[in-house]
Structures are given as structure tokens and as C-alpha cells.
Amino acid sequence: MNLLRRVIREIRADVAAARDRDPAAQGVSSFEILTGWAGVQALLAHRIAHALHEAGVALAPGAIAYLTRSVTGVEIHPAARIGAEFFIDPGSGVTLGGTGFQRGKRHPTLGDNVTVGSGAKLLGPIAVGDGAKIGANTVVVEDVPPSSTVVGNPGHPVKVEGRRAEGPDADWIHLPDPIAEAIKTLAERISKLEERLAELDGGEAADGDDQGLRPRTGRSSAGG
Ligand SMILES: CC(C)(COP(=O)(O)OP(=O)(O)OC[C@H]1O[C@@H](n2cnc3c(N)ncnc32)[C@H](O)[C@@H]1OP(=O)(O)O)[C@@H](O)C(=O)NCCC(=O)NCCS
């Protein structure tokens, strides 16, 4: 009985959270949210699956999770612990998972009031601090400080405590391109070698005799 009361209380809080956090749910009835919001349905089913899992019931929690995924597109492991007022929208594309086949705690722990953008991947036993925002498509493999905004792959903070992240690695938008740098250096070196070769050849190379370094024209021996 206590279990049922707890589940009903959590479902009420989840519906209220959807109304609070989704601009599209303003003024919408609880019945409509329960029947039309896939994220809320997934959460509702998870509350039941999780309660059964905790009560030691076999098979049913996994079956509920499987059916929920088929209907809503949201897969939540029955063992996952989800706090109150959690809201999922639209509910597919985000992954909270492990990085490999290691044992023990493998999944992330999210604090309160965390926003995770669509397509984001949070991998490993990392901690995401209260109030953090994870940008769409961000890949997070390290702890996220509270009240920070993290974007990119790998995820990096662009804001911490409301201020822009500072330091030598803070400008992730204008990253150097090491491959382009290497090609530029090689091109400069080849140019110098060509000049030197032309000098040694006494100007003959300038007459078109430098077959080694300039692109060949005409029919290729490889055909085509
Ligand atoms: C990244 C995101 C969380 C930022 O949200 P926000 O409320 O603007 O966050 P903040 O105000 O804390 O931070 C914004 C700062 O991050 C920067 N920022 C955002 N995305 C960035 C990126 N990809 N690379 C670098 N900087 C970025 C902005 O330029 C801004 O910096 P500024 O204030 O110095 O100009 C948001 O853009 C996002 O991706 N939300 C997910 C939305 C989503 O998934 N929608 C689908 C729902 S169906």
C-alpha cells in the first residue's frame, strides 16, 4: 500500500514537472499530459518497473522497460534511480550509459535541476553538478561542475557559475588544426627545396626540367 502511495505521489510530481517545464504543456490537463507526453509515460512506467525491481520481483520490471521502449522510444533500466520532478522531452536520442564492460558503478549521476540537450551522451560513472546544462549533441565523459554549461565533443565548460570559462584551453571554438599546420610547414619546406634545386641546376629547372616536384601533365602511366 505504501509502495502504491509512493508511486502515485511520484507520478503526480512528474505531471506537475511537465507542466512547469514544457512551454507546450501550459494549461494542459493532467489527463492530456499522461496520454500525450511520451516522456511522462516512460517515466510513469519506469516508476512502476523500479518499484517492482526494488521489491525483488523477477521478469516484470524488464518486461515493462522493454514495452515502454517500444511504445515511447525511451529506454530506462529498471534499476535506475530517478528523483522527483524529472522531465523528459522528447525522450529519444539522449544516452546515459557506461563507457565499456567494466563492473561496478558504470552510469552517470545527475544532480538536481540539470538540463540535458537532445542527442547528448553522458558516459561513465561521472557526476553532473546541480543546475548544470549539457548542450545538444554534447559528449560528456568527465564530471561537470555545478551551475555550468557544457558543450561539444568532448564536452567542455563554456560557462561556470554564470561566467565564461577562462584559461588557455577556454577558446574551443578557435582550436588550432595540427594537420593543416603540418601541411603548411611541409609546403614551405618543399618550396625552399625547389628554390635550392633550381639554384644547383643553374636555372635549368626554370626551363621545365624539374620533373620530380611539380605535377606531371599529359598521359599518366597508370592509365585513365
Ligand atoms: C548549450 C545550451 C544548453 C546553452 O543554453 P543557454 O541557456 O543559452 O546557456 P547559458 O546561458 O548558460 O550559456 C550560453 C553560452 O554558451 C555558449 N554556447 C552555447 N553553445 C555553444 C557551443 N556549441 N560552443 C561554444 N559555446 C556555446 C553561448 O555562446 C553562450 O555564451 P555567451 O553567454 O558568452 O554568449 C543550449 O544551447 C542547448 O543546447 N540546449 C539544448 C536544447 C535542446 O536539446 N533542445 C531540443 C528540445 S526538443
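Student: Which residue in β10 does Lys159 stand opposite?
Tutor: Lys159 stands opposite Arg164 in β10. Strands of a sheet pair through backbone hydrogen bonds, either parallel or antiparallel. Here β9 and β10 run antiparallel and are joined by two bridges, where two strands pair if DSSP finds at least two bridges between them. The model is a predicted one, in which local features need pLDDT of at least 70 and side-chain atom pairs count only at pLDDT 80 or more, while totals for chains, interfaces and linings use all residues. Residues are numbered from 1 along each chain as its sequence is written.

Student: How many helices and strands does the protein have?
Tutor: The protein has five helices and 10 strands, taken as DSSP runs numbered from the N terminus (helices are H or I with at least four residues, strands are E with at least two).

Student: In what order do the strands of the five-stranded open sheet lie, and which strands stand at its edges?
Tutor: The order is β3-β6-β8-β9-β10, and the pairing is mixed. At the edges stand β3 (115-116) and β10 (163-164), and because each has a single partner strand, one side of each is left without a neighbour in the sheet. A further open sheet, of three strands, has the order β1-β4-β7 with parallel pairing; its edges are β1 (95-97) and β7 (139-140), each with a single partner strand, so one side of each lacks a neighbour in the sheet. Within it, β4 (residues 121-123) pairs with β7 in the parallel sense over two bridges, and Leu122 stands opposite Val140 in β7.

Student: Why does Val160 count as partly exposed?
Tutor: Burial is read from a count of C-beta atoms placed from the backbone: a residue is buried if 20 or more others lie within 10 Å of its own, exposed if 12 or fewer, and partly exposed in between. Val160, whose place is in strand β9, counts as partly exposed because it has 18 C-beta neighbours inside 10 Å. Val139, found in strand β7, is partly exposed because 16 other C-beta atoms lie within 10 Å. Across the protein, buried residues make up 21% of the 224 residues.

Student: Which residues is Val160 in contact with, once its neighbours within four places in sequence are left aside?
Tutor: Val160 is in contact with Pro145, Ser148 and Ala165, contact meaning that the C-beta atoms, placed from the backbone, lie within 7 Å. With residues up to four places away in sequence not counted, Val139 touches Lys121, Asn153, Pro154 and Gly155. The C-alpha atoms of Val139 and Asn153, 14 residues apart along the chain, are separated by 5.0 Å.

Student: How many residues of α3 are buried, and what covers them?
Tutor: An α-helix has 3.6 residues a turn, so residues three or four places apart point the same way. In α3, 12 of the 17 residues are buried, and the helix is mostly covered; among the buried residues are Val40, Leu43, Arg47 and His50. What covers them includes α1, α2 (30-36) and α4 (60-72). By contrast, α5 is hardly covered, the count of buried residues among its 23 residues being zero.

Student: What span should α5 have?
Tutor: The expected span is 1.5 Å times one less than the number of residues. For the 23 residues of α5 (residues 178-200) this should be 33 Å, which agrees with the end C-alpha atoms being 33 Å apart. Just after α5, Gly202 takes a positive phi of about 65 degrees, and α3 is followed by Gly56, whose phi is positive, near 85 degrees.

Student: Which members of the largest nonpolar core touch the most others?
Tutor: In soluble globular proteins, nonpolar side chains tend to be buried together. A nonpolar core is a set of buried Ala, Val, Leu, Ile, Met, Phe, Trp, Tyr and Cys residues joined through C-beta atoms within 7 Å. Of the 17 residues in the largest one, Ala18, Ile33, Val40, Ala42, Leu43 and Ile88 touch the most other members. The elements that give two or more residues to this core are α1 (2-21) and α3 (38-54), and α3 gives the most, with six residues. A second, separate core of 12 residues includes Leu110, Val128, Ile134 and Val140.

Methods: Contact = placed C-beta atoms within 7 Å.
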